[in-house]
Amino acid sequence: MKSMLKSLVLLLLLPTIAAAAPYLEWFNSSAQQTAGQSLLIHGLNTKPEKLADLIREVNLRGHDVLLLRLKGHNDDLLEMKKITQQAWLEQLAEAFFLLRARNEARKGSLTLLAHSLGGVLATTYLAAHPEYRMDQLLLFAPALEVNFTSQFIRALYVLPDGYLVPSMAPESYQAQRGTSIAAYRALFQTISDFRALEPEKLNFKTTVLMDPKDELVSFSGLETLMKKLNRWKLVAVSTAGSTLPRPYHHLIISRESLGSEDWEQKVLTSLDEMLGKPKSL
């Protein structure tokens, strides 16, 4: 009876899941037996494709990866100009449903990996939806506590939602030629929602990777936050070894943007601790 009910729910949700297809993509591990499933979410105005290094490493550790492309981060610039927090939250609901459905069939551990916007969006959602249990989180510079430079964006709220604010990130990493005021509104609404949560609802097993020189997120703010969260661990990284023309401290999502040394010693070590070493070793 229980399995029939699950099948019926899945059948009812199929139209919604099909509509989400352009934004959700599985990258499956080649391991004979899957060790688990991971949900991966990018940052604000960051190309999801730039998470390829991370996807490969998670796959090597026997985990299938579900990549969520948040609306506004594809070829549709108009979508970025009209984006809302609710639209992103609906995508998260679809992603977590698919993740749990596959996990019921294949078993294994469940992991969330997210950068910047993805980190605060997913963490806030998980705190409000305890039914979506995750075994561990690996967050890259999550936008949980932002610095003064980021707060300055609020002064631009007098501009239309469709106005695009130029990005400081390298052009090759930008999903769009700018970030809309609408997208910033959605981001800061999510940060406000996060701050309103009770600390105990956030105390998942979590590792946070961040450059103390981050241009957008406050390292000291995260240190203060983690005094209330005994299951969180903060790992400092450095973009000194980045091979980009101009290093960007907030951008730590690839070997190229972070640098090989810290990528191997900090990122891959964190993945080893969470998921185990690559199956080929």
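A residue is called buried here when its relative accessible area is under 20%, and in this predicted model strand 4 (residues 109-115) is mostly covered, since seven of its seven residues are buried. Both faces of the strand are covered: on one side lie Ser109, Thr111, Leu113 and His115, on the other Leu110, Leu112 and Ala114, and all of these are buried.

Strand 4 has paired strands to consider as well. Strand 2 (residues 36-41) pairs with strand 4 in the parallel sense over six bridges, and within this pairing Gln37 stands opposite Leu110. Strand 5 (residues 136-140) also pairs with strand 4 in the parallel sense, over five bridges, with His115 standing opposite Phe140. Between strand 4 and strand 5 the chain passes through helix 5 (residues 117-128), and this β-α-β crossover is right-handed.

Helix 7 (residues 181-195) consists of 15 residues and spans 21 Å from its first C-alpha to its last, which is close to the 21 Å expected at 1.5 Å a residue. Among its buried residues are Ile181, Tyr184, Leu187, Phe188, Ile191 and Phe194.

Salt bridges were examined next. A search of the whole structure finds 14 salt bridges. In one of them, Glu25 is joined to Arg69, with the closest N and O atoms 3.0 Å apart; Glu25 lies in strand 1 (residues 24-27) and Arg69 in the loop between strand 3 (63-68) and helix 3 (77-81), so the pair ties together parts that are 44 residues apart in sequence. Glu25 is partly exposed, at a relative accessible area of 31%, whereas Arg69 is buried, at 15%.

The side chains of Asp64 and Arg102 also meet in a salt bridge, at 3.0 Å from N to O, and this pair links distant parts of the chain, with Asp64 in strand 3 and Arg102 in helix 4 (residues 85-106), 38 residues apart. Asp64 counts as buried because its relative accessible area is 0%, and Arg102 is likewise buried, with a value of 16%.

Asp262 is buried, with a relative accessible area of 13%, while Lys266 is partly exposed, with 25%.

Key: Residues numbered from 1 in each chain as written. Predicted model: local features only at pLDDT ≥ 70, side-chain atom pairs only at ≥ 80, totals over all residues. Heavy atoms only, no water. Buried < 20%, exposed > 50% of the residue type's maximum accessible area, 1.4 Å probe, protein only. Helix = DSSP H or I, 4+ residues; strand = E, 2+ residues; numbered from the N terminus. Pairing = 2+ DSSP bridges. Right-handed = clockwise from strand over helix to strand, strands pointing away. Expected span 1.5 Å × (residues − 1). Salt bridge = Lys/Arg side-chain N within 4 Å of Asp/Glu carboxyl O.
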